[in-house]
Amino acid sequence: MSESKPLPVVDFLKIPEDGDPYLEGYRCKKCGSIYLGERNVCSKCFARDEMEVIKLSETGILHSYAIVFRSFPGIDVPYISAIVDLDGGGTIKGNLINIEPDPDKIEFNMPVKITYGDALGRKDKDGNSYLSYFFEPA
Amino acid sequence: MSDVYVMGVDMIKFGRFPDRSVPNIGAEAALMALDDAGLGIQDMQALYCGNLGQANAMVGQRILQEIGQTGMPVVNVANACATGATAFREAWMSIKAGMYDVVLAVGVEQMGKGLLGGAGGGDGIPKEGLLGSGTMPCVFAEAGMEHAKEYGTTFEQFAKISVKNHHHSTMNPKAMYQIETPLDEVMNAEMISYPNTKLMCSVNVDGSAAAVLVSEKKAKELGMSRAVKVRASAMASDPYTDRDLVMPDVNACTRLAAKDAYEQAGIGPEDVNLVELHDCFATAEMLHYENLGLCNDGEAGRMIDEGHVELGGKVPVNVSGGLLSKGHPLGATGIANIYEVCTHLRGEAGKRQVEGAKIGMTHVIGLGTACGIHILEKTN
């Protein structure tokens, strides 16, 4: 039985036919601002049609976080919701894994890296599985 | 341009009214504000109505169907948690523009229980708990932790804000709750999103508030004794910041609106005697002490530790009990805050009266982001 290829959890997660998954950003050539997902106009400097597609870095530092103990029904808790500043620019949000969800164990500015894996077993209504990104201590 | 005055203002006691309709809840506050102004619906030249949950359902017109269909123009507004303040500001602007002399602003909301927010939208699979959390307690916890990172702000300091606001609400009969919550109780309550426990999250309630705004000419005609002058009405959206794709920025937006408001009023933060600010979560209130200039950056923790923001302190904050205990009916909050400040400026706040209050400020933030700030002044 052949497994169908997982789909990306968000549009800015790219899964090349041959090669490793990566996160894609759009960078304004005028001011350097980095966006997640496609756009044509820079909301910082207002330049039009100056966007270039870039590969985002897979390492960064923990800017901020919260530990979620209550979420919507069916969502496993606790988990760490993390805001990560990527090396080279761009900020993304995701789950920080492989560290205890305990404020005494988590340090601001700690180095983290991006890993990719199955989206916690979640499938869409057509039964497709998904690939997601996660952060873990570097 | 004419100065603008609040001639009548009121709110219902916040609570849960599942058997009533949204317009019915709004109509009650509208009638109370009209009574407070000594006017009738037939005297109103326009209605500005704020509601979020039924933003596409003509709530303003349906309120008039309950209290008097005069044919006046009605504008329905939705602007997240700044909805009520936006309705009030539109009313203010219509008088500033010279269009009207007497207008009504109403804010109303009927809420369900439970968590708001959530990164669940779009195609594919739910993202909540997979790409972090979009729940409001978490989003504001992340904003608070940014402050903790910068200044070493502690869980206990955040919790003290909730102790203070719950204490204040014991003196406010219109608050949802009038219950003291000691520090250990706040800190040991169910953790929702660290560092926000359940008692550090605003209460989802149903409620409404309304205000009658008039021109100076009309105010003089009606009598100034209880009129409150609107010294500033400011609104800002979120300016570009590096992280705002993933971290709604409540700080930059508030700072922009605050700067505008102080300039309009020609005053500084030191002139403000009381503030009703957007404590949707305890972590949020901490940020706004600095955002509104009530203290310097990095001093917010001291503001709560040293009691400056308590009733009797240098600048009491959320003496109504705030969203944490008075409750947070989204569309009504921005006018309920104005009711609270006006009540103090009129010297009618009873046990929680801020003595000698002459100038007060209201602040709301709706994520997305909209910030509304009003500065109000006693007239005599």
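**Sheet, helices and contact**

Mentor: Strand 1 (residues 4-11) of chain B pairs with strand 7 (residues 207-215) of chain B in the antiparallel sense, over seven bridges. Please bear in mind that this is a predicted model.

Trainee: Which residue in strand 7 of chain B stands opposite Gly8(B)?

Mentor: Val212(B) is the residue opposite Gly8(B).

Trainee: And what is the strand order of the open sheet in chain B?

Mentor: The order is 3-2-4-7-1-8-11-10-9, giving an open sheet of nine strands with mixed pairing. Strand 3 (74-77) and strand 9 (274-276) of chain B stand at the edges; each has a single partner strand, so one side of each has no neighbour in the sheet. From one strand to the next, the twist averages 25°.

Trainee: Which strands does helix 2 of chain B touch?

Mentor: Helix 2 (residues 59-67) of chain B packs on the sheet against strand 2 (47-50), strand 3 and strand 4 (102-109) of chain B. The direction of helix 2 makes about 130° with that of strand 3 of chain B.

Trainee: What about helix 3 of chain B?

Mentor: Helix 3 (residues 83-96) of chain B also packs on the sheet, and the strands it touches include strand 1, strand 7, strand 8 (228-237), strand 10 (359-366) and strand 11 (370-378) of chain B. The direction of helix 3 makes about 170° with that of strand 4 of chain B.

Trainee: Changing topic: at what angle do helix 8 and helix 9 of chain B pack?

Mentor: Helix 8 (residues 250-265) and helix 9 of chain B pack at an angle of about 40°, with their axes 9 Å apart. The two helices of chain B are therefore oblique to each other. Helix 8 of chain B passes helix 9 of chain B in a right-handed crossing.

Trainee: Which residues meet there?

Mentor: From helix 8 of chain B come Val250(B), Asn251(B), Thr254(B), Arg255(B) and Ala258(B); they meet Ala284(B), Leu287(B), His288(B) and Asn291(B) in helix 9 of chain B. By class, the residues of this contact divide into four nonpolar, four polar and one charged.

Trainee: How many residues of helix 9 of chain B are buried?

Mentor: Ten of the ten residues of helix 9 (residues 282-291) of chain B are buried. Among them are the charged residues Glu285(B) and Glu290(B). Gly293(B), which follows helix 9 of chain B, has a positive phi, near 75°.

Trainee: Now chain A. How many helices and strands are there?

Mentor: Chain A has zero helices and ten strands. Buried residues account for 32% of its 138 residues. The C-alpha atoms of chain A fill a box of roughly 45 × 45 × 30 Å along the principal axes. Of the contacts in chain A between residues at least 6 apart in sequence, 48% join residues at least 24 apart.

Trainee: Which strand of chain B is joined to strand 6 of chain A by bridges?

Mentor: Strand 5 (residues 191-194) of chain B is joined to strand 6 of chain A by two bridges, and the strands run antiparallel. Ile67(A) stands opposite Tyr194(B) in strand 5 of chain B.

Conventions: Residues numbered from 1 in each chain as written. Chains lettered and ligands numbered in written order. Predicted model: local features only at pLDDT ≥ 70, side-chain atom pairs only at ≥ 80, totals over all residues. Pairing = 2+ DSSP bridges. Helix = DSSP H or I, 4+ residues; strand = E, 2+ residues; numbered from the N terminus. Buried ≥ 20, exposed ≤ 12 C-beta atoms within 10 Å, placed from the backbone. Contact = placed C-beta atoms within 7 Å. Axes fitted to C-alpha atoms, helices over the stretch in contact; angles between N-to-C directions. Parallel < 35°, antiparallel > 145°, perpendicular 65-115°, else oblique. Left-handed = near helix turned anticlockwise from the far one by under 90°.
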